[in-house]
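This briefing looks at how the parts of one protein chain are held against each other, and at the surroundings of a few selected residues. Please have the sequence and the coordinates open while reading.

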Amino acid sequence: MSDLTVTDVRLTPVLIADPPLLNVQGVHQPYTPRLVVEVVTADGVTGVGETYGDTKYLEPARAYAGLLPGHSVADLNGLAALAQRVAVGHARVEHAVDAAGLRGAQTADKVRLSVVSAFEVACLDALGKAYGQPVHALLGGKVRDHVEYSAYLFHRWEEHPDGAGERDDWGAALDPAGIVAQARRFVREYGFRSFKLKGGVFEPDREIAAVRALAEAFPGQPLRLDPNGAWTPETSLRVARELEGVLEYLEDPSPGAAAMAEVSAGTDVPLATNMCVTAVPEIREAFLTDAVQVVLSDHHYWGGLRATQELAAVCHAFGVGLSMHSNTHMGISLAAMTHVAATVPHLGHSCDSHYPWQTEDVITRRHTFTGGRLTVSDAPGLGVELDRDALGRLHARWLDESYAAMRERDDAAAMRRARGHETWTAPGLPRW
Ligand SMILES: O=C([O-])C(=O)C[C@H](O)[C@@H](O)C(=O)[O-]
Ligand SMILES: [Mg+2]
C-alpha cells in the first residue's frame, strides 16, 4: 500500500501567449496568467493541476498549499473544508465582475472553489498514478471513449497592438467572411463539427450576419452565439427570433438570471449559461424560473471534477442540459475536462475549449483533436506529463518584471493599449 500523504506542494505561476481575441470586455492581452499546481506524496508520486493565475487566486492558493502537507491525496472530500480556512482578499472580489471570465458577481467562495479545483485535479492525478488508474476510473468510469469539442470562434485582430506578444498566422477576423474563414480552418485542422461564436463585440446585426454566414457554410451543423450578457432582453428576443432554427443554443444573451428568465419566456431557442449559474447558490433561482435550458459546466468554477459530476446530476434532475465552458487554459486543464466529460452520461452538447488558440503548454505532448474529438486517456492519472523546461520558460516570463502588467488578466486594459481605444472602459451590461 503506497503512502498517499502529501509531503510537498509546488505552485508555479506562468504567463502563456494568447492571441488578440475580442469579447465584450475588450481584447485578450498578449499573455495570460495561469497557475500550475503540483502535489507530491510521501512515495514521491507527483500530481498536477491548473487554474487561474491572477493574484486573487495565487494568494489563496499559496495559503492553501501551506495547509495541504499531511493531508492524503485520497481525502478528496476534505479539500473543500480545508479551503474554508483560507482567507480571500475581499477587497479584490466582492461585487467586482471578473475582468476576463464573466462569471457573474465574484465572491470569496467562487475564488476558493477555483483554487480548490486545481488541487483536486492534482490529487486525483497523484492518486491515479499511485493506483495505476486513469482519473476517469477514479470518478466512476468513462461512459464514452471520445469527448467532442466545438470550434471556439472569435472576432480578432491580426496581431496585438505594437506587435506585442507572439504572432500567429490566423489573420484578422472582423466580419462574417473572416469568421467563416476561421471556422473552415478549424474544420480543416481539427475536424470540429460544431461552432461557437463569441459575440458581444459588434452590434447585434453584424453578429447575426456572421451566424447566418456560418449556417450557410456549414448547413445543419450546431451553431452557438455567446455575447456574454451584452444585450437587453428585448434585443435578445429580437436576435432569438432572427436566428430561430439556426442556433443550437443562445448563450448568456442577457446578464443575470432574471433577465435570462424574461428572454426564455419569449423564445423557443434554448438558452445556455456560464454566467448566471456558476455556483451552487445560483442554481435554484435559474432552474425554478426556467431561465436556462443548458448549463456550461466548468470544473474551475465548481471546485473540481467531482463537483462537476454533482452539477451534472442536478441538471439532469431538472431536465436542464449540460455543456462545458472553457477559458484560456493549457493541456493539464484540457485533460481534466476530458476525463470528467467522459464520465457524465447526459452530456448532450460538444464542449468548449480555447485550447487551439493556446500555442504554449507545459505538457510534453500536446492534445490532438481528431474529428473534433479527443480520445479519453486510459493512462494512470490525467495521462499528461509535465515538460519542466517549458514550465521553467513560462515561469521565467512570469517573473520577468517587463511582463508584470500581464500577471493580472484584464481585457479592458488590453483594449486601452490599442490605438484608437485609449479611453475604452468595459461597457456596462447590457450594452445593446
Ligand atoms: O463562454 C464564455 O462566456 C467564455 O469563454 C468567457 C471567456 O472569458 C471568453 O469570453 C473569453 O475568453 O474572451
Ligand atoms: Mg459563455
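The side chains of K110 and E282 meet in a salt bridge at 2.8 Å, N to O, where a salt bridge is a side-chain nitrogen of Lys or Arg within 4 Å of a carboxyl oxygen of Asp or Glu. The model is a predicted one, in which local features need pLDDT of at least 70 and side-chain atom pairs count only at pLDDT 80 or more, while totals for chains, interfaces and linings use all residues. Side-chain values use heavy atoms, with hydrogens and water left out, residues are numbered from 1 along each chain as its sequence is written, and chains are lettered from A and ligands numbered from 1 in the order in which they are written.

**The pair K110 and E282**

- K110 counts as buried at 3% relative accessibility, whereas E282, at 22%, counts as partly exposed; buried means under 20% relative accessible area, exposed over 50%, and partly exposed in between, with a 1.4 Å probe and protein chains only.

**Domains and their interface**

- The domain assignment gives domain 1 (6–136 + 386–402) and domain 2 (139–375), with bounds that come from an automatic or database domain assignment.
- The centres of domain 1 and domain 2, taken over C-alpha atoms, are separated by 22 Å.
- In domain 1, 47 residues are in contact with 56 residues of domain 2, contact meaning heavy atoms within 4.5 Å.
- About 4200 Å² is buried between domain 1 and domain 2, with 62% of it on carbon and sulfur atoms; buried area is the accessible area (1.4 Å probe) that two parts lose on being put together, summed over both.
- Three salt bridges are found across the interface of domain 1 and domain 2.
- The interface of domain 1 and domain 2 also has 27 residue pairs in polar contact, both residues at pLDDT 80 or more; a polar contact is a pair of N or O atoms within 3.5 Å, of which, within protein, one must be able to donate a hydrogen and the other to accept it, and residues adjacent in sequence count only if both atoms are side-chain atoms.
- On the side of domain 1 that touches domain 2, at least two residues each are supplied by β1 (6–17), β2 (31–41), β3 (46–52), α4 (108–131), α5 (135–138) and α14 (388–399).
- The largest share of that side of domain 1, eight residues, comes from α4.

**Other salt bridges**

- The structure holds 29 salt bridges.
- D162 and R419 meet through their side chains in a salt bridge at 3.5 Å, N to O.
- D162 lies in the loop between β5 and α6 and R419 in the segment after α15 (411–416), so the pair ties together parts that are 257 residues apart in sequence.
- Both D162 and R419 are exposed.
- E248 and R224 meet in a salt bridge between their side chains at 2.7 Å, N to O.
- E248 is in the loop between α8 (233–243) and β8, and R224 in strand β7 (residues 223–226), 24 residues apart.
- R224 counts as buried at 1% relative accessibility.
- Salt bridges that share partners join K196, K198, R224, D226, E248, E251 and D352 into one network.

**Selected buried residues**

- D252, found in the loop between β8 (249–251) and α9 (257–265), is buried with a relative accessible area of 1%.
- The side chain of D252 reaches the backbone nitrogen of N274 at 2.8 Å, and the C-alpha atoms of D252 and A272, 20 residues apart along the chain, are separated by 6.1 Å.
- H155, in the loop between β5 (151–153) and α6 (176–190), is buried with a relative accessible area of 1%.
- R185 lies in helix α6 and counts as buried at 16% relative accessibility, and its side chain makes a polar contact with the side chain of D169 at 2.9 Å.

Definitions and conventions
Helix = DSSP H or I, 4+ residues; strand = E, 2+ residues; numbered from the N terminus.
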